[in-house]
Amino acid sequence: MLWTIFNNVTTKLVARGIKTGFSFLEDVAPFSIPLNFSPFWDFELGTSVYWDVFVIGIQNTAIVSALGIPTALLLGILIGILRLSPNWLMRALSSVYIEVFRNTPLLLQLLMWTFAVFPPLFNQLPIASESIVIGSGIVLNNAGIYLPLLVFSNTSWILFGAFSIGTIVLIYRIKHWARKRQFNTGQTFPMFTVSLLIIFVALVVFYFVARSSFMIDLPVKRGLNYSGGMRPPFQLIILWLGLTVYTAAFIAENVRGGIVSVNAGQSEAGMSLGISRMMRLRLIILPQALRVIIPPTISQFLNLIKNSSLAVAIGYPDLTNIWAGIALNQTGQSVIIIAMTIAVYEILSLSIAALTNWYNAKTQITER
Amino acid sequence: MNSFLRSKTWRWMYRNLFSSTLNTSLTFIAVIFLAYYIPALLQWGIFDATISGDDASVCRQINENGDLVDGPGACWTFIKVRMPQFLFGLWYTSNSDEIWRPVLAFLLLAGLFGFLGSGRVDHRLRWKIAIASLIGYPLIAFALLHGSWLGLPVATTSDWGGLTLTLVLSVIGIIVALPIGIVLALARNSTLPVFKTIAVIWIELFRGTPLITILFIASVLLPLFFAEGVDLDKVLRAMVAITIFQSAYTAEAIRGGLAAIPKGQFEAAEALGLGYWRKMIFIVLPQSLKISIPAIVNSFIELYKDTSLVLIIGLLDLLNTVSISARSPEWKGYDAEGFIFAAAVYFIFCYGMSRYSQKLEQRFDTNLAGRRAQQE
């Protein structure tokens, strides 16, 4: 049977004049990227090849995932905690949020944002000459949103790397020292506040040291409209928002389930030891709850990455859209293009699965 | 005032709304949020809304410049007029005498779910009917919807649309994926390396890839697999893609159930001299399937939502029918109404199913000794 399938595939490919092999990756891609959105990898119609399309697809999938994961996590934690708050109204609102967004398809939500929610809001935005300007860098008008862009030179990248490593090492050393001191003397140390302070100081120092090596590209008014700066396409913002709102509902359920799973006796034991509410949460409940919360939350991150392929429906140029969609239609190289697409998602999901397994193994309760 | 402070209402309000500074401020935030949105929403959705009439003119009005514009409220007339199309697709809308066929198929499904979930059914009978309907229901539903077997006017698969198509895709997906998933789960737990490898590759491959990519594969790659002249219609390709995708998730749900069976059960079966298949079919699977039912229902809910992705390959499911209708010249601009309707339909089904799975979980709890101990 396998042989019949193989035979059919090759006959058909030959009949359509399609050569198998990776050589088409070097061919010039005869189409432009939708929205022209490719912030880190240049695409030029007429010179860029299919390989560039592939890289841009991965890049755009990575951009929306990297934006969506932290926001979904924060919103999910917030909603999950509100779901357990003593306030009845907040509890009701957050369960409505969770049930509504979990029980309707993400695609429907994305279409809803794109066609029903945003167009009326968008119509209210002023024309370019009456743009809303926030601070000196954020401009909002009916042509889109303009944000300031940091342009790093090579020296500033190196400096930035050095500063990051230095800060991490410093915080790690202080933490080590504080633990040792607490172990020996019992005195505690405000590690969280101090870490924030160190990061803040490091950023300020970095700004003054590296000031000359990077520049801030602000949107400026040129002619009728603004140019310069960064202009994220509307589709990216909708996809980001849609993925965040949808995934947060699932993460909120994980957070709630994790906190509920910690035996009430643990909290009561903490109370009877005279530990304050915040410290109880931090030292007793959270460490136990996180063991339950983190693995399913990591798999939600993976779902978010996979769901970003719904970009196809709203026209954001992600991997599935421009590679498994446009490039495939243009070249007819179905076997190789699909294999490459699957390989990317597969590498991502296997590495995330490995991460989860590692975490599970590390945090397993060691029985007596 | 004093009597109010001592009343039950105030005590409830104090405990739930004003017990601390943080709590009180949260209450105020929530109240401001609700006061801002709820009246506007009610105004749009109910007070200013239109539901009478049967064309778009009732929803539009003439403004001061003499232009025809949308009215201030929601246009539920759109939903009312297009309802048959949303639920049964175009073919059944134009052949309205035949609408009883999908309706009967829906009712049968609802009846089956109700019967299997009710408490008054004998345990063994329930299992028999569950297994019989797994095979029988798709055949009956196909006979009803397609019609050629019963000598009724034929509605080909491409004539199915709206909620009917959504349900067909998801029900076929879950039913066909179930046996494949069981085999995959057993293979993944088997000691034979060939089966194990194939199962691991299959499961990880289709779990790690987005459904859209698999739908693309099915619509592009699947025709290549067959000899020239064999034409697979679009609905069938989508069904294959959805089934393959779902089989990987079902397999993982069942594997979770297998892992929960104590080793003693396997050993006891072996001690009785049962071979592999008898051990699995009579001892292990009945116990593990019961455990994995909630997980299977959850993956079914996910699948039900995911069938909306067939919009991208151009099938006219519920979501696509709604979004195309809201783009038709007559009803242009009523996207919000359409999407709210579609969301409500999806919500009712998904929420209902998750409640149903919670109920099943209790029902299938055959820990008789534990229950008796509780009763005494």
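Tutor: What follows takes some labels and sets each against its cut-off. Bear in mind that this is a predicted model.

Student: Start with chain A as a whole. How many helices and strands does chain A have?

Tutor: Chain A has 12 helices and seven strands. Its C-alpha trace spans about 80 × 65 × 45 Å along the principal axes. Of its 368 residues, 28% count as buried. Among contacts with a separation of 6 or more, 68% join residues 24 or more positions apart.

Student: Now the sheet. What makes β1(A) and β2(A) a pair?

Tutor: The cut-off is at least two bridges. β1(A) and β2(A), the latter at residues 138-141, have three bridges, in the antiparallel sense. Therefore they count as paired. In this pair A:Ile132 stands opposite A:Leu140 of β2(A).

Student: How do you know that β2(A) and β3(A) pair?

Tutor: Apply the cut-off of at least two bridges again. β2(A) and β3(A) have three bridges, and the sense is antiparallel. So they pair. A:Val139 has A:Tyr146 of β3(A) as its bridge partner.

Student: What lies between the strands in each hairpin?

Tutor: The hairpin of β1(A) and β2(A) has three residues between the strands. There A:Gly135 takes a positive phi near 60 degrees. The hairpin of β2(A) and β3(A) has two residues between them.

Student: Why do β1 and β3 of chain A stand at the edges?

Tutor: The open sheet runs in the order β1-β2-β3 (chain A), with antiparallel pairing. β1 (132-134) and β3 (144-146) of chain A each have a single partner strand, so one side of each is left without a neighbour in the sheet. From one strand to the next, the twist averages 15 degrees.

Student: In chain B, what makes α7(B) oblique to α8(B)?

Tutor: α7 (residues 162-189) and α8 (residues 193-208) of chain B pack at about 125 degrees. Roughly perpendicular ends at 115, and roughly antiparallel needs over 145. The angle lies between those limits, so α7(B) is oblique to α8(B). The axes are 7 Å apart. α7(B) passes α8(B) in a left-handed crossing.

Student: Which residues make the contact of α7(B) with α8(B), and how do they divide by class?

Tutor: B:Leu184, B:Ala187 and B:Arg188 come from α7(B). From α8(B) come B:Phe195, B:Lys196, B:Ile198, B:Ala199, B:Val200, B:Trp202 and B:Ile203. They divide into eight nonpolar, no polar and two charged.

Student: Now a single residue. Why does B:Tyr249 count as buried?

Tutor: Buried takes 20 or more other C-beta atoms within 10 Å. B:Tyr249 has 24 C-beta neighbours inside 10 Å, so the residue counts as buried.

Student: Where does B:Tyr249 lie, and which residues does B:Tyr249 touch?

Tutor: B:Tyr249 lies in helix α11 (residues 234-259) of chain B. Leaving out residues up to four places away in sequence, B:Tyr249 touches B:Arg207 and B:Ser299. The C-alpha atoms of B:Tyr249 and B:Phe300 are 9.3 Å apart, though 51 residues separate them along the chain.

Student: Last, the contact between the chains. How many residues does each chain give?

Tutor: Chain A gives 38 residues and chain B gives 38 residues. On the chain A side, helices supplying at least two residues each include α1 (2-15), α3 (88-102) and α4 (106-123). The side of chain A that touches chain B divides into 24 nonpolar, 10 polar and four charged residues.

How values were computed:
Residues numbered from 1 in each chain as written. Chains lettered and ligands numbered in written order. Predicted model: local features only at pLDDT ≥ 70, side-chain atom pairs only at ≥ 80, totals over all residues. Helix = DSSP H or I, 4+ residues; strand = E, 2+ residues; numbered from the N terminus. Axes fitted to C-alpha atoms, helices over the stretch in contact; angles between N-to-C directions. Contact = placed C-beta atoms within 7 Å. Nonpolar A, V, L, I, M, F, W, Y, C, P; charged D, E, K, R; others polar. Buried ≥ 20, exposed ≤ 12 C-beta atoms within 10 Å, placed from the backbone. Parallel < 35°, antiparallel > 145°, perpendicular 65-115°, else oblique. Left-handed = near helix turned anticlockwise from the far one by under 90°.
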